Amino acid sequence: MTEGHDERLAFARRMDRADPLAHLRRNFIASDGLVAYLDGNSLGRPTVGSAESIQAFIADQWGGRLIRGWDESWMELPFNTGDALAFACLGAAPGQTFIGDSTTVLLYKLARAASDARLAGDGARTEIVLDTDNFPTDRYVLEGIAAERGMTLRWIVSDPTGGVSVEQVASVVGPQTALVVVSQVAYRSGFLADVGGITRVAHDAGALVLWDLCHSAGSVPIELDTWGVDLAVGCTYKYLNGGPGSPAFSYVRADLQAVLSQPIQGWMGAADVFSMGPEYLPSSGLRRFLSGTPPVLAMIAMRDTIDMIAGCGIAAVREKSVALTEFAITLADEWLAPLGVSVASPRDAARRGGHVTLSHPAMRRVTAALWEQDVIPDYRDPGGLRIGLSPLSTSFEETYDGMAATRDVLLAVLREEVGLG
Ligand SMILES: Cc1ncc(COP(=O)(O)O)c(C=O)c1O
């Protein structure tokens with residue numbers, strides 16, 4: 001090991017000793033043989049508390065209360081859990097956030113509701129603004145809505161190593177814009193968008209805004225009420241550690257709830273769920289955005305992480321997140337840049353979320369080889385190795401180990417490619 005490596009390892013260990021969130025790592029279930037988990041931005045790790053809560057729920061609630069559980073508490077779980085999340089992570093007052101279907105389905109419900117409301121206004125608002133590098137599901141859902149409702153998609157061409165700027169949105173919105181849909185943190189580059197600024201220019205043009213918070217919730221401070229956001233959706237299985245396929249959350253600003261109508265009219269959204277009436281009469285509040293029976297079991301695991309973040313504060317989470325991504329970029333510059341790797345994420349921490357993408361044509365092979373060694377980042381085309389650093393569960397030394405393994409594997413792959421392997 002060279003002197004520089006010793007210094008970096010010593011730095012990592014010093015950072016871990018000084019880390020005010022270090023004790024929270026003990027709350028996560030250990031994975032046998034794991035060297036470095038660098039994908040908490042895609043699937044968060046399970047907590048000990050969530051395993052205990054699920055077991056207790058099955059025994060006491062499901063087993064003990066049986067069908068009575070619905071009347072006693074489960075009907076309110078989407079809203080109670082939503083309020084807890086809103087308090088800890090979203091900067092939103094109670095009564096505006098719920099846990100529902102998948103992000104894809106909630107995107108559809110809210111984007112359709114918003115588009116329909118604006119189409120019904122003066123009939124001239126027929127455009128949906130989106131960007132070329134938003135997550136595929138966002139683009140596909142909006143493509144479907146445009147086809148269904150005879151609307152036009154207005155594309156912002158976004159830089160895959162950056163993201164959508166306020167100026168770009170300002171240049172395309174106008175009297176024709178019904179809805180603007182952007183991700184707060186870009187899934188590929190990690191670019192952190194200016195939610196307040198983009199929301200303002202969209203509102204100035206008379207449009208509604210729907211934010212995708214999948215890669216930001218639980219990692220980046222969010223102020224939905226202060227920023228005047230209309231609508232938002234986000235995953236709970238990433239930084240919120242809700243488990244594979246755990247249901248997504250939605251935020252619908254209080255004054256919009258009675259005005260918007262979502263397209264999947266189910267009995268759980270009705271004003272009186274158990275009246276079983278002849279026709280659909282929507283609830284006047286947030287319940288109208290539900291469709292079918294809430295996924296009660298799948299809502300339990302996320303609560304442990306929501307409570308952890310409420311306890312330590314999202315500002316402390318962000319502080320560690322920035323320090324972790326800075327460290328990963330420093331190591332990338334020192335170790336990987338000489339091997340031809342470029343940082344495909346913003347270098348300005350103020351414009352960067354919780355992950356860093358490292359670009360090189362060999363990264364698909366590198367990722368596969370790293371997984372074999374229990375070093376787990378993920379890969380996104382073209383040539384992007386994503387390093388997701390989840391502040392509650394990732395340490396600086398783990399980041400060091402993951403980056404060192406990436407360097408060694410890339411070196412081996414490159415040697416093999418030139419026949420030296
Ligand atoms: C930014 C973003 N939006 C939407 C989704 C889709 O979520 P789901 O598959 O849960 O519907 C994802 C999933 O990774 C995502 O990262």
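In this predicted model, four strands form an open sheet in the order β9-β10-β13-β12, and their pairing is antiparallel. The edges of the sheet are taken by β9 and β12, each of which has a single partner strand, so that one side of each is left without a neighbour in the sheet. Between β9 and β10 the antiparallel pairing extends over two bridges, and Val343 stands opposite Leu358 in β10. Helix α11 packs on this sheet, where it touches β9, β10 and β13, and its direction makes about 15 degrees with that of β10.

| β9 | 342-343 |
| β10 | 355-359 |
| β12 | 378-380 |
| β13 | 384-388 |

Helix α11 also has a helical partner: the axes of α11, which spans residues 314-336, and α13, which spans residues 396-417, come within 10 Å and cross at roughly 25 degrees. Because angles under 35 degrees count as roughly parallel, α11 is described as roughly parallel to α13. The crossing of these two helices, α11 and α13, is right-handed.

On the α11 side, the contact is made by Leu324, Phe327, Ala328, Leu331, Ala332, Trp335 and Leu336, which meet Phe396, Thr399, Met403, Thr406, Arg407 and Leu410 in α13. Taken by residue class, the contact of α11 with α13 comprises ten nonpolar residues, two polar residues and one charged residue. Helix α11 therefore has contacts with α13 as well as with the sheet strands β9, β10 and β13.

Notes:
Residues numbered from 1 in each chain as written. Predicted model: local features only at pLDDT ≥ 70, side-chain atom pairs only at ≥ 80, totals over all residues. Axes fitted to C-alpha atoms, helices over the stretch in contact; angles between N-to-C directions. Parallel < 35°, antiparallel > 145°, perpendicular 65-115°, else oblique. Left-handed = near helix turned anticlockwise from the far one by under 90°. Contact = placed C-beta atoms within 7 Å. Nonpolar A, V, L, I, M, F, W, Y, C, P; charged D, E, K, R; others polar. Pairing = 2+ DSSP bridges.
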